[in-house]
Amino acid sequence: MPAAGKAPPVTVETKKKPQSPPAKAPRLTAPAGDRREKQALPSSSVRALARERRRYERHEVKRFTRRARRRRTGWFVVVLLVLFVGGLVGVAVFSPVLALRTITVDGTSRLSASTLEKAVDGQLGTPLALLNYGKITHDLAPFSLIRSYATEVVPPDTLVIHVVERTPVGAIQGASAFDLVDPAGVTVESSKTRPAGYPLIQLGKGRVDGPGFASMAQVLLALPPAVLTKVDTITAQTHDDVTLTLSGSNQRVVWGSSDHSDAKARVLADLIALHAGSGAGEYDVSAPGTAVFHRD
């Protein structure tokens with residue numbers, strides 16, 4: 001019982017609100033198409049994959065080793081080839097086995113082959129690959145009868161020189177001798193008397209380097225041998241006034257210019273065959289299409 005005079009204590013009951021559970025973070029769910037389920041591989045599959053991996057690595061090592069071996073072999077073969085070719089070149093250039101021991105000259109008639117061989121024998125003993133062709137040209141230069149030449153190396157030790165001599169086309173009478181000259185005006189031979197079988201080239205006031213001589217040379221080269229042997233003299237002062245006289249008769253030929261000389265030569269041969277015994281006269285072939293023979 002409460003004491004008199006004191007008020008009884010008052011008890012206040014407070015109801016606690018029930019606490020709501022904490023909000024859970026929303027769970028994200030991947031779309032159905034992106035879901036991938038992880039499955040644990042059995043141990044046998046892992047071992048099989050490991051074996052396959054080791055097999056692949058061994059194969060790659062062997063493949064790389066084979067490639068490196070082939071590359072080394074290729075370089076080794078290349079080096080051997082270079083050394084082999086270099087050895088051949090060295091033998092060809094420096095070996096006395098391929099040195100020049102014999103010189104042969106052919107194609108000569110007026111020139112002496114032995115004289116030409118002696119002129120170039122300074123290179124005997126020289127390896128064929130080291131022959132000085134400029135020196136050969138220098139050694140043969142004094143021989144004016146050589147129109148051209150060609151060299152041929154015949155292993156193991158021979159050099160052949162093929163000579164083409166100058167061919168005379170006529171004779172020019174000088175102050176004290178007759179000079180046989182070729183179409184270039186080079187003197188092939190000189191003699192005190194007129195050379196038989198060659199026409200006499202009459203220059204007059206002309207020169208061998210003038211147009212008259214060039215025209216006469218062209219005409220003489222165009223004549224067939226049967227007609228050329230009948231020509232006694234030929235004269236020209238210009239390109240357009242070539243004239244010939246025939247030996248053994250009083251017949252002459254008005255040639256005109258040296259143009260179309262081949263056609264004129266054929267026409268003249270036909271006319272001579274017809275009129276050789278007709279006595280003195282003149283063949284005019286200056287216009288080969290209307291060539292005629294005029295009796296004096």
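The model is predicted. Its largest nonpolar core has 27 residues. A second, separate core has 16 residues.

**Helix H6**

- H6 runs over residues 261-275 and has 15 residues.
- From first C-alpha to last it reaches 20 Å, close to the 21 Å expected at 1.5 Å a residue.
- Its buried residues are Ser261, Lys264, Ala265, Leu268, Leu271 and Ile272.
- Seen down the axis of H6, these buried residues fall within an arc of 130°, so they line one face of the helix.
- An α-helix has 3.6 residues a turn, so residues three or four places apart point the same way.
- On the other side of H6, Asp262, Arg266, Asp270, Ala273 and Leu274 are exposed.
- The buried residues pack against two helices, H4 (211-222) and H5 (225-228).
- They also pack against strands S9 (242-246), S10 (251-256), S11 (281-284) and S12 (292-295).

**Nonpolar cores**

- In the largest core, the residues with the most contacts inside it are Ile201, Leu223, Trp255 and Leu268.
- H4 gives the most, with 5 residues.
- Leu268 touches Leu223, Val227, Val253, Trp255, Tyr283 and Val285, leaving aside residues up to four places away in sequence.
- The second core includes Leu111, Leu116, Leu128 and Ile146.
- In soluble globular proteins, nonpolar side chains tend to be buried together.

**Aromatic pair**

- The whole structure holds 1 aromatic pair.
- The ring centres of Tyr283 and Phe293 lie 4.6 Å apart and the planes meet at 45°, so the pair is tilted.
- Tyr283 sits in strand S11 and Phe293 in strand S12, 10 residues apart, and the pair links distant parts of the chain.
- Both Tyr283 and Phe293 are buried.

**Helix H3**

- H3 spans residues 133-140, and its buried residues are Ile136, Asp139 and Leu140.
- These cover an arc of only 90° around the axis, which puts them on the same side of H3.
- They pack against helix H2 (113-119), strand S2 (146-154) and strand S3 (158-165).
- At the start of H3, a side-chain oxygen of Asn132 comes to within 3.1 Å of the backbone nitrogen of Gly134.

How values were computed: Residues are numbered from 1 along each chain as its sequence is written. This is a predicted model: local features need pLDDT of at least 70, side-chain atom pairs count only at pLDDT 80 or more; totals for chains, interfaces and linings use all residues. Side-chain values use heavy atoms; hydrogens and water are left out. Helices (H or I, at least four residues) and strands (E, at least two) are DSSP runs, numbered from the N terminus. The expected span of a helix is 1.5 Å times one less than its number of residues. Buried means under 20% relative accessible area, exposed over 50%, partly exposed in between (1.4 Å probe, protein chains only). The arc is that of the directions from the helix axis to the C-beta atoms. Contact means heavy atoms within 4.5 Å. A polar contact is a pair of N or O atoms within 3.5 Å; within protein, one must be able to donate a hydrogen and the other to accept it, and residues adjacent in sequence count only if both atoms are side-chain atoms. Rings of Phe, Tyr and Trp (its six-membered ring) pair if their centres lie within 6.5 Å; planes under 30 degrees apart count as stacked, over 60 as edge-to-face and the rest as tilted. A nonpolar core is a set of buried Ala, Val, Leu, Ile, Met, Phe, Trp, Tyr and Cys residues joined through side-chain atoms within 4.5 Å.
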